[in-house]
Amino acid sequence: DPENIVEYAILSSQVLDSSREISELFELGDVESTLIEGKETKALCLVIGENKISIFMEKNADHADILKRFSP
């Protein structure tokens with residue numbers, strides 16, 4: 001929904017920041033991807049080098065296929 005672009009941007013930023021903080025807290029290393037799921041949608045948040053990418057999709061979409069496309 002284009003009306004929610006700002007909310008999506010804030011959500012993805014918070015997810016990436018929280019993932020980084022949790023990783024540092026538990027000494028897990030660099031976070032490459034984070035998946036969050038809601039009732040109807042899910043978001044795949046990726047960190048590729050200095051780039052941060054968030055992909056919002058319907059819950060039944062294949063996020064593993066998308067993740068494979070971004071893997072080296």
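A residue counts as buried here when its relative accessible area is under 20%. By that rule, buried residues make up 17% of the 72 residues in the protein chain of this predicted model.

**Start with the whole chain.** Show the protein chain as a cartoon and you will find two helices and three strands, arranged along the sequence as α-β-β-β-α. The C-alpha trace spans about 35 × 25 × 25 Å along its principal axes.

**Now select the strands.** They form an open sheet in the order E1-E2-E3, with antiparallel pairing. Strands E1 (33-37) and E3 (51-58) each have a single partner strand, so one side of each has no neighbour in the sheet. On average, neighbouring strands are turned by 15° against each other, direction ignored.

**Zoom in on E2 and E3.** Select residues 41-48 for strand E2, which pairs with E3 over eight bridges in the antiparallel sense. Click on Ala43: which residue of E3 is its bridge partner? Look across to Phe56.

**Bring in the helices.** Helix H1, residues 5-25, packs on the sheet and touches E1, E2 and E3. The direction of H1 makes about 120° with that of E3. Then select residues 63-70 to see helix H2, which lies across E1, E2 and E3 and runs at about 15° to E2.

**Finish with the charges.** Colour the 7 positive and 15 negative charges of the protein chain; their mean positions are 5 Å apart.

Methods
Residues numbered from 1 in each chain as written. Predicted model: local features only at pLDDT ≥ 70, side-chain atom pairs only at ≥ 80, totals over all residues. Heavy atoms only, no water. Helix = DSSP H or I, 4+ residues; strand = E, 2+ residues; numbered from the N terminus. Buried < 20%, exposed > 50% of the residue type's maximum accessible area, 1.4 Å probe, protein only. Lys, Arg positive; Asp, Glu negative; His and termini not counted. Charge placed at Lys NZ, Arg CZ, Asp CG, Glu CD. Pairing = 2+ DSSP bridges. Axes fitted to C-alpha atoms, helices over the stretch in contact; angles between N-to-C directions. Contact = heavy atoms within 4.5 Å.
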